[in-house]
Structure formats: structure tokens, C-alpha cells
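Dear colleague,

Please find the structure below, handed over for your records. My notes on it follow directly after.

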Amino acid sequence: MPEKPSQPNIPAYLPMLIGGARRDAASGKRFAVENPANGETLCEVAEGDAADIDAAVAAASAAAPAWAATPPLQRAEILNRAAAILAERMPEFVAVEVAQTGRPVREMRAQLARTPEWYSYFAAVSRTHESGVHPFGGPYLNYTRRMPLGVVGLVTPWNHPLLILTKKLAPALAAGNAVVIKPSEVAPITPLMIAEVLAEAGLPDGVCNVVTGFGPTAGAALCAHEGIDKLDLTGGTETGRRVAALAGERLTHFSGELGGKASVVVFDDVLDTEAAAATLFASFIAAGQTCVQGARLLVQNSVRDRVLEMLIERTRALQIGDPTDPTTQIGPMVSEKQLNIAMKYVEIGKQEGATLAVGGNRLTGGDYDKGYYHEPTVFSDVTNDMRIAQEEIFGPVVCVLGFDTEEEAIALANGTDFGLAASVWTRDISRGHRVAQSIDAGIVWVNDHHRIDPASPWGGFKDSGIGKENGIVCYEGYTKLQSIVVKLSDEPFDWFEDSSDKRYS
Ligand code: NAD
């Protein structure tokens, strides 16, 4: 039996990190971080705002040139050391992540165990990345070189606080940028901890700064700051539109990993048990609070009733409770706000005429009263025009829709404004590829869901975002490309003296 995590050892107050120093907010304000499993305050953090963002951007701007000039080998050594320290301190990170998000310890152990890979992967990329030599007519040599952008603003959400920050931080640093991080106000503790790990690994002061605070104040100030060369946000689609508009005003690079409403497409050649396990996993990991949650379960009508029956049975059996208990399968939602959103959508689903197949209630009684627990919930008899089928709920509420043909399945999977992810479940290899290629989503899994790797590009289409995380493409997104054209011929050139037919471009 796996052990309970150690109790997180969190100081009562955590200051910000700016220019290598621990700093209170200029205003002196603080705010509380809550444990959603019991409503207790975990700690207070500094409530940064525009003045603190100014200080952090100034520190990053001062540190950026030296970091950009640091040879990739040295940058890689620091990132590799950070990966090793993070791996060593993993139990501490897991305990804190469980406490600030309410995610079950089994999930957090599995997820965080892989985070060091991002630092070592991008360390390797920074050492091995090659630029190009390009065909260029005439006696010319044209080559390109990648340079860091400068200072990058990283704005991150609460649902995977360490993993999502890591997906941005590792490539940004590997490419030679300095960063200012504005983590979610709901879960800022592990972002502060990883900045400490990087400092311990030898990252120079000022290269990684963290300003804790709220979106409309600290977040907006960062996104509107003149000194920022790229904004990289993971958050809701509406936040993405606002941040992209601010980036547009200053022509700053922007990358946004935004909302989702992933479809799980199940064909009738999949075993019923496999289909039930697949839909359960896609729907309820993280209590449904993931951007790639399988929120729309599209099941072929010939097997829909059987799969739904099994899904209901397995949903009822899920162990919901204390996230620190290794046998817990579903923890609380991250906050009262998220719980209220889930409850609101359950009412909307009922009013729209969908059938509440299982769940639908906040859990109450005993320890449940202290936290924000909601039953895993499945709606059936859902049509694609219903709000519960279209809008991101970001909680343990999913809907089942039926289809008869492959064409119908594809049309349904594409029948949403989002385009982050989808999965296709079939034993027919040709159909698996065919359907995957017909779905307008940035990530499509065949016979799996939720899989991620630092080397595998990740990012949405349509309202789910712009840009990519992970892989070489992400590293390149943290650089600017300079093209250098060298004349190889010694032949004299004087356009205005010589009126012959010459090339001038
Ligand atoms: P959110 O949009 O409320 O907040 C995200 C971050 O943006 C936070 O740090 C917040 O403080 C900041 N912010 C909020 N308003 C801002 C503003 N006006 N200016 C600047 N910054 C601002 O999102 P959330 O509730 O923290 O996270 C859930 C959302 O994130 C969901 O929509 C989910 O789909 C999305 N998400 C997407 C991915 C992905 O890979 N595409 C991954 C995880 C989460």
C-alpha cells in the first residue's frame, strides 16, 4: 500500500522572488492560499501588483543579456542540475501540490515524477539545436541563427501549477531568456519553490523572477509592460483574448494555451470494458479540471447503452475524498468558485432536457462539508447544441452523445468552437488515422488520452489557442531568427555608377 504524502512544510508567509531576493509586495499586501480539501489557510503570499511587476521586469532586463550570452553548454548544466534537485525534492513538491490543488496524491505523484524530464530535455535541445544554411541565388551564403527574445512573461493557471509552468520555464530558460512568472493566485506555492530550485542549481539572480498576485492587477500589469518581449499564457479563452490584445498593441510575441472541450470518439469495435475505462479516465482525472478533459463522450449508437451503463457503474464506484489518501481517486475541486461553476452547469443540463445519468450533486456530510467536493457527473441524451455540450465546464461534469456513422462522429467532434484535443478509440487502424486526421484539434490520441511528452508538440486550434508547447517548435518559439546574407564574390558593385542590367535584390 503506498504511503500518505508527508505533511507539507510550508512557511506561514511566502514572499516573492525578484532579482534573486525575497521581496514583500511594494504595497505590503498579502493574500491567503487555501487548501480546497478542508478550507484551511495553507500560507499567505505577497500580493504583488504593477509596482512589483515593474521591479521584476527591471531585474529580468538587467539579467537577460548575460544569460543570453551564457554558452548553451553552461545553460544546459544548470537546467540538468535543476532536474536533479527537483527529482530529489519530489516528495515535498507532491505534498504541496496536493495541498494547494486538492488533486489526489496518486495523480500528483504520477504527474510530477515526470517534470524533471522537461528541464533535461530542453537542456539537450539548447546544446544540440542547429540553425540552417539556406539556398540563395548567386554568390551568397545565407545562414540563420536563433537568438533569445529577451524577457518573457509567463502567466499560468492553477490546475497543474508545476507542470504547466515547467512546460514554459524550461524552454524559455534553455533558449537564453530571462522570465517573470505570474502564477495563478489559487496555487502559487510550487511556482515559488521551483524558482528556488533553479537558484540552487546556479541560475543567476534576476533570470527567473516570480510575482504572486491576481490576474486583473499583477497579471494585467505584466501583460501590458513595455519591457516584455513575449507573453506566454495558459488560461481560459477569455483571458487569452485579453492578453493577446495587450500583446497586439505592443506587437509582442504571444502564445496561448487556452480552454478546451475534448471529444472522446468511441467506435463499436472497442471492447465495452475498454470503452468504459477510457471514458472514465478521460472524464474524471483531476476531477475533470484539465484542459483536455474528455468532456464530450461520442459513442457509436450500437454500443452506447452498454458503454453508458458500465460508465455509470464505474463512476458510482469512484473513491471520492481526502486527496492525501493514496486510495482516493477523486479529490475536491480547487475552489468554491469552480464548485459553483460545476453546480451551475448541472442545473443548465437539467433545464436543457439532458438526462442526469449519474452524480449531479455537491457532496456533503462529515469531512465533505469542509471542502469543495462534487460528484462525478454524466449526462446522457445530450444534443450538440446544448450549452453543456459546448461550453467549457472544467469540472467533473461530462456528456454522452451518440452517432451512427464515421462521418457523423467527425462532424460532432468538430462541432465545437474549441480545438485543443480529442481521442479516437477503434481497433481499425485505418479508421483510427483517418478520423484523427479529420478532427480539427491540435492533439489527437488514438486509443489513449491525456498523454504528453516534453518532445511532443502540444497546443490547440480554434478557440483553444495559438502556439505550441513542448518539442523543438516550442524552443524555437522562445527565439527570434536572424538571417545573415554574406556576399562571397569580390566583384565590385556600384549600382548608381553603373547603368548595366544588374541584380539589385
Ligand atoms: P484563468 O484564465 O482564470 O487564469 C490563468 C492565469 O491568468 C492566472 O495566473 C490568472 O491570474 C491570470 N489572469 C487572469 N486574468 C488576467 C488578465 N486580465 N490579465 C492577465 N492575466 C490574467 O484560468 P484558470 O482558471 O487559472 O485555469 C483554467 C483555464 O486554463 C481553463 O480554461 C483551461 O482550459 C485552461 N488550461 C489550458 C491548458 C492548455 O494546455 N491549453 C492547460 C491547462 C489549463
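Phe-493, Trp-495 and Tyr-504 form one aromatic cluster. Rings of Phe, Tyr and Trp (its six-membered ring) are paired here if their centres lie within 6.5 Å, with planes under 30 degrees apart counted as stacked, over 60 as edge-to-face and the rest as tilted. By this rule there are 9 aromatic pairs. In the pair of Phe-136 and Tyr-140, the ring centres are 5.5 Å apart and the planes stand at 55°, so this pair is tilted. Phe-136 is partly exposed at 32% relative accessibility, and Tyr-140 is partly exposed at 29%; buried means under 20% relative accessible area, exposed over 50%, and partly exposed in between (1.4 Å probe, protein chains only).

Please note that this is a predicted model, in which local features need pLDDT of at least 70 and side-chain atom pairs count only at pLDDT 80 or more, while totals for chains, interfaces and linings use all residues. Residues are numbered from 1 along each chain as its sequence is written, and side-chain values use heavy atoms, with hydrogens and water left out.

Thr-479 lies in strand β23 (residues 479–487); strands (E, at least two residues) and helices (H or I, at least four) are DSSP runs numbered from the N terminus. With a relative accessible area of 6%, Thr-479 is buried. Its side chain makes a polar contact of 2.9 Å with the side chain of Arg-146, a polar contact being a pair of N or O atoms within 3.5 Å (within protein, one must be able to donate a hydrogen and the other to accept it, and residues adjacent in sequence count only if both atoms are side-chain atoms). A polar atom of the Thr-479 side chain also lies 2.6 Å from the backbone oxygen of Glu-476. Apart from neighbours within four places in sequence, Thr-479 is in contact (heavy atoms within 4.5 Å) with Arg-146, Met-147, Leu-149 and Ala-175.

Two backbone angles also deserve mention. Most residues other than glycine have a negative phi. Asn-447, which is not a glycine, has a positive phi of about 60°. Asn-447 sits in the loop between β20 (443–446) and β21 (461–462) and is partly exposed, with a relative accessible area of 23%. Lys-462 likewise has a positive phi, near 50°. Lys-462 belongs to strand β21 and is partly exposed at 35% relative accessibility.

Yours sincerely
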